[in-house]
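Q: Please take a close look at how two of the chains in this model are arranged and where they meet.

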Protein chains: 4
Amino acid sequence: MKVLVDVSIVPIGVGTSLSKYVAECEKILKEAGLKTMLHANGTNVEGDWEEVFDAIKKCHQRVHEIGAPRITTTIRLGTRVDKEQTMEDKIKSVEMKMGK
Amino acid sequence: MKVLVDVSIVPIGVGTSLSKYVAECEKILKEAGLKTMLHANGTNVEGDWEEVFDAIKKCHQRVHEIGAPRITTTIRLGTRVDKEQTMEDKIKSVEMKMGK
Amino acid sequence: MKVLVDVSIVPIGVGTSLSKYVAECEKILKEAGLKTMLHANGTNVEGDWEEVFDAIKKCHQRVHEIGAPRITTTIRLGTRVDKEQTMEDKIKSVEMKMGK
Amino acid sequence: MKVLVDVSIVPIGVGTSLSKYVAECEKILKEAGLKTMLHANGTNVEGDWEEVFDAIKKCHQRVHEIGAPRITTTIRLGTRVDKEQTMEDKIKSVEMKMGK
């Protein structure tokens, strides 16, 4: 089952600068061969369900290893069986309706 | 790795009455032996990472099977390595600070 | 416009114990006269759109005042114009479908 | 109070094609003069708290007007008092740590 995910990982107990931890997670997602798109409040990920959630689990393990005692992550995830749809398709579809 | 999760599954393309689909997912979470607590905007789930996400995947598969062409789900998930903490612990901790 | 909200406030830069801050926010929501239900990963709130978001804004202001330099909050919010529905209605509707 | 928000609006009861409704909301955010960045699972918005949430309320009103009986929206929102930070700052900060 293919999944489109938007994941935002927030390490807790490491002060206010979180980008080092987010960058580690980005690397793990890329090393897993997943298609990703970083934005200002998270990362869009496209891939097979198992591979996506394995990678997110590795993110948690790695972020704990490099010092975060606690992590809270939010995920939006979409699946559909009516048609194939990529991350780019979703953006283009909205932009077309906006007259772009 | 233990995880505390808050999951809200929203089937799309089946009209405005969603509780039938949410109930199917509740059954799957319970059948998986996971500790759950239903609330007005989702379900808290406590368990092993693999078991929790396997159950959420089964929810998606089942909700597609019974007619939803598209699903969007949101998840808050927490892990911590500094101490053990249950769903009840989290609630009690806030209530104590409120003077209850 | 009436809204059902699920809000989870996460102060950043104050260590790993967050319940003190969550409790402050609970008090603000209650003082605003809003109907609330605390759960393990957030708080359900029911009320008028303006009053709910005014209260959430006051939560952020208060949590900054008592020491959190940064806050990340997640909100699920629902509105509907087809029928009236309370937090209790939503829970009962799912429980009925589960055969409870 | 300045806020960085990530908002994803999901109309319910209008079938599986949602981009028309998302596009309406994009227009409202832009007309409000807010800085926005559309991504595959939502829209990043930067602005004053009141203006951002007024615009999100207008999105709900408009999406109901054009036919959606029910809407569920998810929001991630961040405020900080330790430093100024834009959407671009957040992305650059992660990319630098990734060695870009």
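Which residue of chain D comes closest to the rotation axis?

A: This is a predicted model, in which local features need pLDDT of at least 70, side-chain atom pairs count only at pLDDT 80 or more, and totals for chains, interfaces and linings use all residues. Residues are numbered from 1 along each chain as its sequence is written, while chains are lettered from A and ligands numbered from 1 in the order in which they are written.

His39(D) comes closest of the residues of chain D, with its C-alpha 3.6 Å from the rotation axis. Chain D is superposed on chain A by a rotation of 180 degrees with 0.0 Å of shift along the axis, at an RMSD of 0.0 Å (least squares on the C-alpha atoms of residues with pLDDT of at least 70 in both copies). That is the relation of a two-fold axis.

The contact takes 27 residues from chain D and 27 residues from chain A, two residues being in contact if their C-beta atoms, placed from the backbone, lie within 7 Å. On the chain D side, β1 (2-12), α1 (19-31), β2 (35-39), β3 (42-48), β4 (70-80) and α3 (87-97) each supply at least two residues; helices (H or I, at least four residues) and strands (E, at least two) are DSSP runs, numbered from the N terminus. That side divides into 10 nonpolar, nine polar and eight charged residues (Ala, Val, Leu, Ile, Met, Phe, Trp, Tyr, Cys and Pro count as nonpolar, Asp, Glu, Lys and Arg as charged, and the others, Gly among them, as polar). Because 100% of the interface residues of chain D are also interface residues in chain A, the copies meet through the same surface.
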